[in-house]
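Subject: Handover of a structure

Dear colleague,

Please find the structure below, followed by an account of what was found in it. I would be grateful if you would read the two together.

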Amino acid sequence: MKTAPAPGPDRTAPRRRHWSRRANPLAGAGSVIWLAVVIVPVYAMISASLTHQSEALGHNALKPPSHPTLDNYDTVLHNGFGHLLWNTALVAAAVVVIVLALCVPLSYVAVRTRSVWSGAAFRLFLLGVAIPAQAVVVPLYLMITKLNLYDSLLAIILPTAAFAMPVSVLILTGTLRDISEDLYEAMGLDGASTTRMLFQLVIPLAKGGISTVVVYAALQAWNGLLFPLIFTQSDGPRVLTLGLFNYVSEFGVNIPALLASVVLSGVPIFVVYLVARRALVGGLMGVGGK
Amino acid sequence: MALPGILFFVFFAVGPMVLAFYLSFTQWNGLGDPRPVGLANWRKLLNDDRLTQSLTVTVALTVVSWVFQTVISLLLGVWAAGRQRNRAVLSAIFFTPFLLSSTAISLLFYALLDPNFGIIHADTLGTTSGAFLAIVFVGGWQFIPFHTLIYQGGARQIPEVLYQAAAIDGAGRLRQFFSITLPQLRNTATTSGVLMVVGSLTYFETVLILTQGGPGTDTAILPYLMYQAGFKSYDFGYASAVASFLVIAATALSLLMVRLSGFGAMRSTREGM
């Protein structure tokens with residue numbers, strides 16, 4: 001295996017002695033230990049999901065199944081898994097669209113205007129990071145009932161989007177601050193309108209921040225259990241997390257089927273991960289890079 | 001142009017927070033309209049032993065999780081920012097927990113900790129310390145990959161010249177870590193820390209699925225206490241008082257962290273160079 005040459009014009013021989021390139025046995029050992037911590041549960045989950053239910057009682061999850069079977073997956077797939085997946089995808093897509101449509105212009109204004117109001121708005125979102133969703137479910141429940149949205153996908157989408165906004169605004173303002181003032185001025189001299197600047201300058205240059213926000217907002221929608229648990233009730237608007245949660249009572253002691261459903265729930269995002277690994281990982285890394 | 005976003009956020013996040021405060025002075029069982037009852041809920045809350053216990057568990061869980069996750073993700077992140085050959089492969093594997101939702105992860109460990117089936121054939125979740133440590137571990141298992149990425153991103157931005165200069169001065173690896181890496185990661189640590197603290201205040205899914213607040217009420221963190229009071233006992237006024245308490249605690253905590261670190265000013269990490 002060859003190490004890819006690192007970018008940068010001033011790569012000279014003495015830099016090979018840089019600390020990060022020397023072997024670090026202690027850190028290496030630590031990373032291997034954490035590797036085991038990550039791998040063992042994943043292995044146990046996949047192995048158990050292939051175990052016959054009759055074999056499950058008194059079975060140690062670390063032992064591979066003696067007669068591997070796909071029956072558990074069959075059970076889960078015949079329990080409306082496709083419907084759950086479809087609803088979750090709809091919720092995630094809607095949340096991403098709402099968050100981008102609201103947060104991109106908002107961050108643009110927050111970065112470009114130096115008024116008391118834009119400062120106050122920015123602080124509002126900064127504080128918003130600290131509002132736990134749990135703290136507002138009771139009033140939201142009241143509002144959603146009064147708005148006649150109870151037991152609909154919108155009841156999940158709207159609050160999820162609102163709670164994804166603070167971090168999205170922080171990420172986007174961070175990215176937009178990096179766009180050089182000269183570029184705005186040049187476009188301004190050309191007589192470009194604000195809308196044109198937004199679409200032809202800000203959005204193309206803020207691609208990194210925008211893709212981070214897409215990933216972040218989609219994950220919020222993908223992960224949430226609280227809003228679906230409290231704002232929906234029937235099968236119609238049920239999403240994946242709530243479906244999984246309900247499997248516990250449905251399948252009871254059928255742990256292999258339960259784990260098969262957990263594995264299946266990870267498959268879609270695993271596919272996304274394979275396709276868009278760079279955007280996913282790079283984007284999330286940006287959260288702390290600023 | 002900023003107005004739609006602000007209005008939407010105020011309507012679905014800030015407004016409800018204010019409404020929660022109002023509802024804490026009412027009695028409401030979920031049907032009909034809330035009825036004002038003055039300070040009754042707050043009086044009941046402040047005299048409730050469950051609040052003291054819940055607050056203690058919440059704080060303990062937050063602190064222990066913060067230490068556990070920070071130490072591991074800081075070390076892994078700094079390590080992963082280097083250029084070892086096996087780094088890319090390992091980083092990809094470290095990322096696996098991220099592909100599962102909190103619900104899926106909690107269910108996975110619910111199964112793996114089952115005394116009749118799982119890895120450990122003991123009633124881990126049936127003991128107070130076992131249940132507590134299980135929640136800390138599961139939270140870490142889920143969120144350490146994310147915080148590792150944050151630290152990896154932060155560590156990558158540290159200018160190499162600093163290390164070169166230190167190496168010329170004869171500083172060893174440990175000295176470089178403590179004198180360059182750690183101070184340079186100050187803002188990263190704050191970002192990650194705020195997210196961790198707010199995150200662990202809301203370990204709701206994990207508690208709901210793994211322990212249901214048990215054994216007894218030993219792992220009933222504040223959000224779970226709120227959920228139980230509201231959506232199990234239909235005492236929404238009391239649940240709102242718990243929720244308001246949670247908002248006050250979370251806001252105070254993050255204001256404190258923002259103040260202490262200067263995160264709010266969005267100052268550059270390069271400061272003083």
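Which residues does Thr148(B) touch, not counting residues up to four places away in sequence? They are Ser73(B), Leu76(B) and Gly77(B), where contact means heavy atoms within 4.5 Å.

Before going further, please note that this is a predicted model, in which local features need pLDDT of at least 70 and side-chain atom pairs count only at pLDDT 80 or more, while totals for chains, interfaces and linings use all residues. Residues are numbered from 1 along each chain as its sequence is written, chains are lettered from A and ligands numbered from 1 in the order in which they are written, and side-chain values use heavy atoms, with hydrogens and water left out.

Thr148(B) belongs to helix α6 of chain B, residues 128–156; helices (H or I, at least four residues) and strands (E, at least two) are DSSP runs, numbered from the N terminus. Thr148(B) counts as buried because its relative accessibility is 8%, buried being under 20% relative accessible area, exposed over 50% and partly exposed in between (1.4 Å probe, protein chains only). A polar atom of its side chain lies 2.7 Å from the backbone oxygen of Ile144(B).

Chain B as a whole has 12 helices and two strands. Of its 273 residues, 56% count as buried, and its C-alpha trace spans about 70 × 55 × 35 Å along the principal axes.

The contact between the chains takes 99 residues from chain B and 103 residues from chain A. Together they bury about 8900 Å², 78% of it on carbon and sulfur atoms; buried area is the accessible area (1.4 Å probe) that two parts lose on being put together, summed over both. There is one salt bridge between chain B and chain A, a salt bridge being a side-chain nitrogen of Lys or Arg within 4 Å of a carboxyl oxygen of Asp or Glu. Lys146(A) forms a salt bridge with Asp33(B), with the closest N and O atoms 2.8 Å apart. On the side of chain B that touches chain A, helix α1 (residues 3–23) gives the most, with 15 residues.

As to confidence, the predictor gives the complex an ipTM of 0.85 and a pTM of 0.85. Chain B averages a pLDDT of 86, pLDDT being the predictor's confidence in each residue, from 0 to 100. Over residues 264–273 of chain B, however, pLDDT stays under 50. Where pLDDT is low, the predicted coordinates should not be read in detail.

Yours sincerely

Methods: A polar contact is a pair of N or O atoms within 3.5 Å; within protein, one must be able to donate a hydrogen and the other to accept it, and residues adjacent in sequence count only if both atoms are side-chain atoms.
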